[in-house]
Amino acid sequence: MFENIKAIRSLQCRDHAINLPPNVLTLMWFLGKRCNYDCSYCSPHTHDAVSPFVDPQQSKQFIDTAVTWARSNNKKIKWAFTGGEPFLDPSLFDIVKTLSSSTTTEQINITTNGSLPQSHYEKFSGLVAGITFSVHLERSAAEIQKIINTMIELTQQQKIFVSCNLMFLPGKQKEIEKIVLQLQQHRVNFVLRKIAPNPDIELLTPFVAPNKFKKSLELKSVDQQSDNKQQYKSMKDKQLTNLSHSYYSDQELEYLKIINTQPVWQNMGLWYDQDQYEEINTDLLLSLEKNQFQNWTCYAGVDNVSVDFDGHIYRGVCQEGGRIGHIGDWTGFATQPVTCSRNHCDCNQDIAVRKARDSESLRLINGQA
């Protein structure tokens with residue numbers, strides 16, 4: 001399926017389906033590492049229990065800069081918040097309220113672990129376009145069912161686009177099959193998310209404190225954590241395929257493909273073979289292990305940027321090309337694409353960014369097809 005992929009485009013909002021290049025750019029904001037979960041497969045570079053929340057003054061300055069840049073360049077921004085658990089940040093509601101009132105905001109999406117009361121998510125109705133619930137199978141059955149009930153109720157209210165990343169924990173296929181049936185019966189949008197496991201703890205040791213959930217800034221400074229995260233990402237990138245195949249059984253990998261081949265919302269388009277075109281979900285590409293774009297021309301940084309936990313800004317979650325700014329001094333989106341040096345593209349947001357395999361294929365994503 002999808003042999004000889006040559007180009008990819010985003011379909012993450014209406015504008016992306018109409019315009020090449022897009023007029024709506026994506027700003028993915030990792031609001032902070034603070035999280036109330038401690039999933040075994042979640043890197044200490046992604047979560048802990050002690051990291052500070054985002055500084056409100058820096059947030060305001062960054063938002064003002066982004067809004068000014070968008071107006072000056074006749075662009076709009078799709079804001080996507082993740083973490084950690086972004087709903088724990090006391091400033092999130094005010095940030096979202098500010099953004100929702102700006103004419104430069106196309107839409108706002110937030111990813112959550114679903115642990116908060118349903119009423120808390122309902123507060124954001126009318127302000128955000130969508131909420132994505134990541135369901136983690138290491139939680140108790142009662143807690144998982146509570147999150148499922150919240151997703152069902154919010155879906156039925158039809159005020160927010162609800163989607164579910166059902167995290168495929170190895171050894172839990174029977175439980176997952178039951179959850180899938182519930183989600184299908186109640187028409188909750190979902191994908192079965194392939195987990196990118198961490199390397200062995202021996203390999204992790206140089207980059208993290210001994211106990212990731214007790215890690216504090218006294219053990220490693222924010223700058224040290226940031227530098228170590230880049231090293232960790234490079235190490236994991238080189239091992240991703242082998243890690244996945246040792247993490248899952250062949251049966252589980254096949255089940256992933258079967259579920260993610262079923263009809264679901266499309267968030268990317270791709271060209272393959274003789275300029276054949278198809279619209280799919282990024283999770284299908286991950287399930288098929290066709291997320292290798294080394295040496296491709298990628299518009300990460302041009303079509304989207306990623307803000308990390310420490311306020312540093314990168315072209316994408318992959319951090320290809322290194323830092324391009326900080327929320328305190330950012331000057332705007334890049335104007336030129338980058339050549340990808342990574343072995344794998346393992347973030348759904350990054351996968352959907354415009355990219356082309358070679359110079360001939362660039363015409364497909366620059367409106368010249």
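# A guided reading of the predicted chain

Of the 369 residues in the chain, 56% count as buried. The structure is a predicted model, with a mean pLDDT of 90 and with 89% of its residues reaching 70 or more. Over residues 201-219, however, the pLDDT is below 50, and this stretch has 43 contacts in the model beyond near neighbours in sequence. The chain holds twelve helices and 15 strands. Among contacts between residues at least 6 apart in sequence, 73% join residues at least 24 apart.

Six of them form an open sheet in the order 9-8-1-15-10-14, with antiparallel pairing. Strand 9 (276-280) and strand 14 (338-339) stand at the edges of this sheet; each has a single partner strand, so one side of each is left without a neighbour in the sheet. Within the sheet, strand 1 (residues 5-10) runs antiparallel to strand 8 (residues 268-272), and five bridges join the two.

Strand 7 (residues 189-193) is mostly covered, since four of its five residues are buried.

The nonpolar interior comes next. In soluble globular proteins, nonpolar side chains tend to be buried together. In this model the largest nonpolar core has 65 residues, and those with the most contacts inside it are Leu27, Trp29, Phe62, Trp79, Phe81, Met151 and Leu166. Methionine 151 is in contact with Phe133, Val135, Val162, Cys164, Leu183 and Val188, leaving aside its neighbours within four places in sequence. A second, separate core of 16 residues includes Ile5, Ile8, Trp296 and Cys345.

Asparagine 109 lies in strand 4 (residues 105-112). With a relative accessibility of 18%, asparagine 109 falls under the 20% limit and therefore counts as buried. Not counting residues up to four places away in sequence, asparagine 109 touches Lys78, Trp79, Ala80, Phe81, Ala129 and Gly130. Two of these residues, Trp79 and Phe81, are listed among those with the most contacts inside the largest nonpolar core.

Which residues of helix 9 are buried? They are Glu252, Leu253, Tyr255, Leu256, Ile259 and Asn260. These residues cover an arc of only 160° around the axis, which puts them on the same side of helix 9. The face turned away from this buried side carries the exposed residues Asp250 and Gln251.

Most residues other than glycine have a negative phi, and most peptide bonds are trans. Against this background, a cis peptide bond joins leucine 20 and proline 21, with omega of about -5°. Proline 21 lies in the loop between helix 1 (14-18) and strand 2 (24-30).

Two residues other than glycine have a positive phi: asparagine 74, near 55°, and glutamine 158, at about 60°. Asparagine 74 is found in the loop between helix 2 (56-72) and strand 3 (76-82), while glutamine 158 occupies the loop between helix 5 (141-157) and strand 6 (161-167). Are these two residues buried or exposed? Asparagine 74 is exposed, with a relative accessible area of 68%, and glutamine 158 is likewise exposed, at 70%.

A further loop, between strand 12 (312-314) and strand 13 (323-326), contains glycine 321. At 58% relative accessibility, glycine 321 counts as exposed. Glycine 321 and glycine 301 are 20 residues apart in sequence, and their C-alpha atoms are 9.5 Å apart in space.

Terms used:
Residues numbered from 1 in each chain as written. Predicted model: local features only at pLDDT ≥ 70, side-chain atom pairs only at ≥ 80, totals over all residues. Heavy atoms only, no water. Buried < 20%, exposed > 50% of the residue type's maximum accessible area, 1.4 Å probe, protein only. Arc of directions from axis to C-beta. Core = buried A, V, L, I, M, F, W, Y, C linked by side-chain atoms within 4.5 Å. Contact = heavy atoms within 4.5 Å. pLDDT = per-residue confidence, 0-100. Pairing = 2+ DSSP bridges.
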